[in-house]
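I set out to record what I looked up in this structure, entry by entry.

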Amino acid sequence: MKLSQFKFKLPTESIALYPSDYDPETGIYHRDECKLMVLHKKSGEIEHRKFKNMLEYFDEHDVFVFNDTKVFPARLWGNKEKTGARIEVFLLRELNEDLRLWDVLVDPARKIRIGNKLYFGEDDSMVAEVIDNTTSRGRTLRFLYDGPHDEFKEALYSLGEAPLPATITSMRASEPEDNERFQTIFATQEGAVTAPTAGMHFSREMMKRMEIMGIDPAFITLHAGLGNFREIDVEDLTKHKTDSEQMSVSGNVCQMVNKAKAEGRKICAIGTTTMRALETAVSTDGNLKEYDGWTNRFIFPPYEFGVANCMVANFQLPLSTLLMLTAAFGGYEQTMAAYNLAVKEGYKFGSFGDALLILPD
């Protein structure tokens, strides 16, 4: 398929800047109150519901597979030595704990060279030195901090902001509350620089209802990176390469999922990152196997899925790899028709947007 086949007209006002049901005066919002469109693949039927109604489509011993990655406050603002130029630094991953080395992106990159020092915090309490160029925007920083590693991480993260996508930060300023908003309630494995957004709709009340109904939760880990938002610059999708992301699937999850599959139950991937992890770890016999490593799997139509038979995803932006995976699972024609309907019906798009549930029947 071609990149241009995933273009659709999305008004700016359709992009969600805050979670659903957010009250700017009180700051209160309810995670499970967003809109939910339900697409039945076999019949093509579409229903309009609330996310909290989603459990009505599932039964005891069906399995929901979640991504338990935890987002850290990856966006920092620093000043360059001597000139005082304001520099955005986006933390990607820690390379070496002992040496305090981090792989980062800097903007504007043209101002930052090897040997430059950057100062962070109102009192310049954190200092970093540029020691390597990795890409046009990428740098390796060595943070000059003498204390214990846990103390260093706490100090570093206290300076950071939630790494909201540019589609949001271009229209509103980052807020301290975003660190909680841009996170699932079950996040435990730190390492992501963007949230598994479909999972953000699950409230504690909804998870409790799942437990009462006997729906089994399974947790995999995929540390979602900026590649999810990187623009594709080729028309032929077979030539696009995605960034690698670290992931793991435990033996317990494999046992739970494989048992449900053998019994013909629903296995629902909560989000596109979860789906990519499952498709990376599926074996040739169709069963899920333990996996601990990296994935750069890029899924677009046509594609035959091996594990999950249901999926939840946010309404994604035009030309995004996330939309392409959704279309591969829901069927290209049906998914694009659902997206066009979502625009007309006032659904919200993006990381804080509304959700789409795709069912097999």
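**Entry 1. Helix α4.** I note at the outset that the model is predicted. I began with helix α4, residues 204-213, and asked which of its residues are buried. They are M206, M207 and M210. Because they cover an arc of only 100 degrees around the axis, they lie on the same side of α4. What covers the buried residues of α4 includes β3 (63-67) and β12 (216-222). After α4 comes G214, whose phi is positive, near 85 degrees.

**Entry 2. The open sheet.** I next traced the sheet with the order β2-β1-β17-β16-β14-β3-β12-β13-β15. It is an open sheet of nine strands with mixed pairing. Its edge strands are β2 (46-50) and β15 (291-295), each of which pairs on one side only. On average, neighbouring strands of this sheet are turned by 25 degrees against each other, direction ignored. I looked at one pairing in detail: β12 and β13 (residues 245-249) run antiparallel and are joined by two bridges. The bridge partner of T221 in β13 is S248.

Entry 3. Between β6 (residues 86-96) and β7 (residues 101-107), which run antiparallel, I recorded seven bridges. E88 has D107 as its bridge partner in β7.

**Entry 4. Aromatic rings.** How many aromatic pairs does a search of the whole structure find? It finds 25. One of them is F66 with F202, an edge-to-face pair at 4.9 Å centre to centre and 85 degrees between the planes. This pair links distant parts of the chain, since F66 is in strand β3 and F202 is in the loop between β11 (189-192) and α4, 136 residues apart. I checked burial for both: F66 has a relative accessible area of 0%, and F202 likewise is buried at 0%. F152 is buried, with a relative accessible area of 0%. F66 and F202 also belong to one aromatic cluster, together with F51, F58, F64, F186 and F219.

**Entry 5. Charge over a ring.** Last, I noted that the charged end of K35 sits over the ring of Y347, 5.2 Å from its centre.

Key
Residues are numbered from 1 along each chain as its sequence is written. This is a predicted model: local features need pLDDT of at least 70, side-chain atom pairs count only at pLDDT 80 or more; totals for chains, interfaces and linings use all residues. Side-chain values use heavy atoms; hydrogens and water are left out. Buried means under 20% relative accessible area, exposed over 50%, partly exposed in between (1.4 Å probe, protein chains only). Helices (H or I, at least four residues) and strands (E, at least two) are DSSP runs, numbered from the N terminus. The arc is that of the directions from the helix axis to the C-beta atoms. Contact means heavy atoms within 4.5 Å. Two strands pair if DSSP finds at least two bridges between them. Axes are lines fitted to C-alpha atoms, for helices over the stretch in contact, and angles run from 0 to 180 degrees between N-to-C directions. Rings of Phe, Tyr and Trp (its six-membered ring) pair if their centres lie within 6.5 Å; planes under 30 degrees apart count as stacked, over 60 as edge-to-face and the rest as tilted. A charge sits over a ring if NZ of Lys or CZ of Arg is within 6 Å of the ring centre and within 35 degrees of the ring normal.
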